[in-house]
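Here's a quick tour for anyone opening this structure for the first time. We'll look at some strands, then at a pocket.

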Amino acid sequence: MTPAEKALAHVRALSPATGPAVTAPITVNFHPDRLLADGRTVAWHLAADGTYRTQYETGISNGGLGGDRPAWEQRMFAGSGSRPVYGALNLAGHPDGAAPRFGSCHLQLRAHVTGRATFSLGDSHTLPQILGTATTFGAVWDGLLAQVTRTGQALAVTAADAPRWVAALAGPRTGAGRALDDYVEAHVHGGVTIGDDVAALIADPSFQGTTTETALRALGVPIRWHHGFQLEAAAFGADLRGPQIPPLAAAIAARYRRPVLDAA
């Protein structure tokens with residue numbers, strides 16, 4: 001078996017084939033204008049390569065680069081050697097993707113990719129105990145319902161009880177999900193190619209009319225724009241990323257003469 005097949009077989013064996021069928025798309029959030037070592041942006045690399053590269057290939061990460069990640073993968077996939085592409089399962093239909101902490105734009109993957117993905121309830125760095133696949137998703141689903149019962153919400157969707165929460169997931173959502181730390185992590189084994197595996201690209205509207213948009217359109221997949229995010233520079237607080245962020249926001253606003261900042 002290939003490393004991907006070994007990883008899938010291991011996770012399938014952890015849980016019985018119960019629970020609802022997984023029909024929601026996997027989304028892969030990314031920052032399109034982030035620079036790689038050669039000076040080109042992520043968007044241009046995607047267009048030129050036609051492949052979404054893992055952090056081990058690009059040397060950049062929106063999460064944890066290197067460090068303990070090999071140990072996490074060893075634990076989750078029983079030493080299969082699979083180095084997956086990381087995304088999240090967009091069960092709630094959030095227009096900004098299932099895990100927008102990792103980028104203002106996202107690739108929406110085709111349905112067939114779900115069949116070679118594994119899922120965990122929570123991010124890898126939390127050492128999740130609940131894992132599953134598209135055909136053995138019962139434990140993940142039960143874990144989500146238990147979270148709703150315990151906390152009143154999951155995947156940035158609130159509900160008074162589990163039945164109402166399940167109903168809330170039945171249709172697409174129009175408001176910003178902003179599910180920064182609450183998602184079902186997806187691990188796509190066997191790689192992601194733009195032409196075969198990507199159904200659409202959903203981008204932040206702040207990139208419209210920029211060189212980043214030119215690069216994104218060069219991917220050759222349908223492109224849509226979500227609602228976007230803006231925040232006044234004076235409103236940036238120190239509670240999320242530390243005391244250096246408020247003066248940085250002020251400096252960016254002064255440099256570009258724009259009191260309101262966006263993703264671009």
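Start with tyrosine 86, which stands opposite histidine 187 in β9. Keep in mind that this is a predicted model.

**Strand β3 and its partners**
- On one pairing, β3 meets strand β9 (residues 184-188), and the two run antiparallel, joined by five bridges.
- β3 also pairs with strand β1 (residues 26-30), again in the antiparallel sense, this time over two bridges.

**The largest pocket**
- Now for some open space: the largest pocket holds about 1,600 Å³.
- It's lined by 35 residues, and the closest to its centre are His31, Phe229, Phe236, Asp262 and Ala263.
- Sorted by type, the lining residues come out as 16 nonpolar, nine polar and ten charged.

**Who supplies the lining**
- Three elements each bring at least two residues to the lining of the largest pocket: β13 (230-232), α9 (245-256) and β14 (260-262).
- Which element gives the most to that lining? That's α9, with five residues.

Key
Residues are numbered from 1 along each chain as its sequence is written. This is a predicted model: local features need pLDDT of at least 70, side-chain atom pairs count only at pLDDT 80 or more; totals for chains, interfaces and linings use all residues. Side-chain values use heavy atoms; hydrogens and water are left out. On a 1 Å grid over the protein atoms alone, a cavity is a set of points where a 1.4 Å probe fits but cannot get out, and a pocket is an open set with protein on both sides within 12 Å along at least five of seven lines; lining residues have an atom within 4 Å of a point. Grid points are joined across faces, edges and corners, and a volume is the space filled by probe spheres set on the points. Helices (H or I, at least four residues) and strands (E, at least two) are DSSP runs, numbered from the N terminus. Ala, Val, Leu, Ile, Met, Phe, Trp, Tyr, Cys and Pro count as nonpolar, Asp, Glu, Lys and Arg as charged, and the others, Gly among them, as polar. Two strands pair if DSSP finds at least two bridges between them.
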